[in-house]
Amino acid sequence: MVKSSKAQKGTRPVTLKDADADKFVKQYAAYLKKQGKIHVPKWTDIAKTGIQCELAPNDPDWFYTRVASVARQVYFRPGSGIGGLKKRYGSSYQKNCIRPHFQKAAGSPIRKALQALEDLGILEKRPNGGRQITDKGAQDMDRIAGAVVMGN
């Protein structure tokens with residue numbers, strides 16, 4: 001009699017922490033796009049992601065990638081808000097000959113990503129501020145992370 005992989009002693013289910021970040025974000029963005037329930041704002045083709053960027057992103061589906069990345073960040077750090085995520089996605093900014101300084105990312109794409117995830121039921125607001133992943137959202141993300149780890 002052969003036991004299933006989950007029933008073997010010493011194994012545990014695959015979670016998002018086991019998956020490679022880049023592969024997971026691409027896979028989850030493709031899943032969200034295929035689902036077709038996310039409302040993409042009209043301005044995404046011309047908007048920059050922060051003052052430190054010269055141009056808008058080249059990828060036409062960059063908003064789905066940002067939504068997937070924001071969901072991953074909130075999974076790891078429950079209670080994250082727009083301000084903390086702006087700091088997370090910020091980068092160095094240098095204008096002319098002035099020394100480079102850190103600049104926070106734009107808040108609107110992050111805000112719209114959080115709102116889209118709330119509409120899908122993946123995120124919910126915490127009573128003391130910030131957002132957290134719902135049980136349904138964690139199950140979906142862990143399922144996709146399992147597919148990424150297995151190589152599908």
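Tutor: Residues are numbered from 1 along each chain as its sequence is written, and side-chain values use heavy atoms, leaving out hydrogens and water. Because this is a predicted model, local features need pLDDT of at least 70 and side-chain atom pairs count only at pLDDT 80 or more, while totals for chains, interfaces and linings use all residues.

Student: Why is threonine 49 called buried?

Tutor: Buried means under 20% relative accessible area, exposed over 50%, and partly exposed in between (1.4 Å probe, protein chains only). Threonine 49 has 12% relative accessibility, so it counts as buried.

Student: Where is threonine 49 found?

Tutor: It is in the loop between helix H1 (21–35) and helix H2 (62–76). Helices here are DSSP runs of H or I with at least four residues, strands are runs of E with at least two, and both are numbered from the N terminus.

Student: What is threonine 49 in contact with, leaving aside its neighbours within four places in sequence?

Tutor: Its partners are Pro57, Trp62, Arg66, Ala105 and Ala106, where contact means heavy atoms within 4.5 Å.

Student: What makes arginine 131 count as buried?

Tutor: Its relative accessibility is 11%, and the cut-off is under 20%. Therefore arginine 131 counts as buried. You will find it in strand S4 (residues 131–133).

Student: Which residues touch the most other members of the largest nonpolar core?

Tutor: In this core of 34 residues, they are Phe24, Tyr28, Leu32, Ile38, Val70, Ile133 and Met141. H2 gives the largest share, nine residues. A nonpolar core is a set of buried Ala, Val, Leu, Ile, Met, Phe, Trp, Tyr and Cys residues joined through side-chain atoms within 4.5 Å.

Student: Which residues does isoleucine 133 touch, not counting those up to four places away in sequence?

Tutor: Among them are Ala71, Val74, Tyr75 and Met141.

Student: How do you know whether H2 is roughly parallel or roughly perpendicular to H5?

Tutor: The axes of H2 and H5 come within 11 Å and cross at roughly 110 degrees. That makes H2 roughly perpendicular to H5, because angles of 65 to 115 degrees count as roughly perpendicular, under 35 as roughly parallel, over 145 as roughly antiparallel and the rest as oblique. Axes are lines fitted to C-alpha atoms, for helices over the stretch in contact, with angles from 0 to 180 degrees between N-to-C directions.

Student: Which residues meet there?

Tutor: Ala71, Arg72 and Tyr75 in H2 meet Ala138, Met141 and Asp142 in H5.
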